[in-house]
Amino acid sequence: MATAPTIAPDQVGQVTRQPYPNYKVIVLNDDFNTFQHVSSCLMKYIPNMTSDLAWELTNQVHFEGQATVWVGPLEQAELYHQQLSRAGLTMAPLEKA
């Protein structure tokens with residue numbers, strides 16, 4: 001009885017790990033939110049947001065039209081985006097970082 005030759009497995013079936021992409025939470029400038037409101041929302045909903053950074057980002061929103069206020073995993077980005085939106089801030093759609 002003859003035996004079939006052993007065939008090495010194809011490398012095509014191997015799995016390569018790729019990190020999950022990060023997403024950007026972007027606040028847009030508008031004509032109805034005050035500096036104080038934007039700044040306080042950033043401090044309330046974005047983890048580890050300091051008062052100084054919140055004011056810096058608020059100024060960036062005002063003078064440049066937008067600011068990326070947080071970058072990270074999609075699930076957290078969705079949460080922060082939703083919270084800031086519900087607080088009345090004008091938000092850009094989430095985008096990959």
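Predicted model: local features only at pLDDT ≥ 70, side-chain atom pairs only at ≥ 80, totals over all residues.
Figure 1. Residues are numbered from 1 along each chain as its sequence is written, and side-chain values use heavy atoms, with hydrogens and water left out. The whole structure holds 2 aromatic pairs; rings of Phe, Tyr and Trp (its six-membered ring) pair if their centres lie within 6.5 Å, and planes under 30 degrees apart count as stacked, over 60 as edge-to-face and the rest as tilted. Phe-35 and Trp-55 form a stacked pair because their ring planes stand at 20 degrees, with the centres 6.4 Å apart. The pair links distant parts of the chain, with Phe-35 in helix H1 (residues 35-45) and Trp-55 in helix H2 (residues 51-64), 20 residues apart. Phe-35 is partly exposed as well, at 32% relative accessible area.

**Figure 2. The pair of Trp-70 and Tyr-80.** The ring centres of Trp-70 and Tyr-80 lie 4.8 Å apart and the planes meet at 80 degrees, so this pair is edge-to-face. Trp-70 belongs to strand E2 (residues 66-72) and Tyr-80 to helix H3, so the pair ties together parts 10 residues apart in sequence. Trp-70 is buried at 14% relative accessibility, and Tyr-80 is buried at 8%.

**Figure 3. Leu-79 in helix H3.** Leu-79 is part of helix H3, which covers residues 74-86. With a relative accessibility of 40%, Leu-79 is partly exposed. The C-alpha atoms of Leu-79 and Ile-46 are 9.8 Å apart in space, and the two residues are 33 apart in sequence.

**Figure 4. The protein chain as context for the close-ups.** The chain has 3 helices and 4 strands, in the order β-α-α-β-α-β-β from the N terminus; helices (H or I, at least four residues) and strands (E, at least two) are DSSP runs, numbered from the N terminus. Of its 97 residues, 28% are buried. Among contacts (heavy atoms within 4.5 Å) between residues at least 6 apart in sequence, 69% join residues at least 24 apart. The chain exposes about 7200 Å², of which carbon and sulfur atoms supply 52%; accessible areas come from the Shrake-Rupley method with a 1.4 Å probe, and for residues only the protein chains shown count as cover.

Note on methods
Buried < 20%, exposed > 50% of the residue type's maximum accessible area, 1.4 Å probe, protein only.
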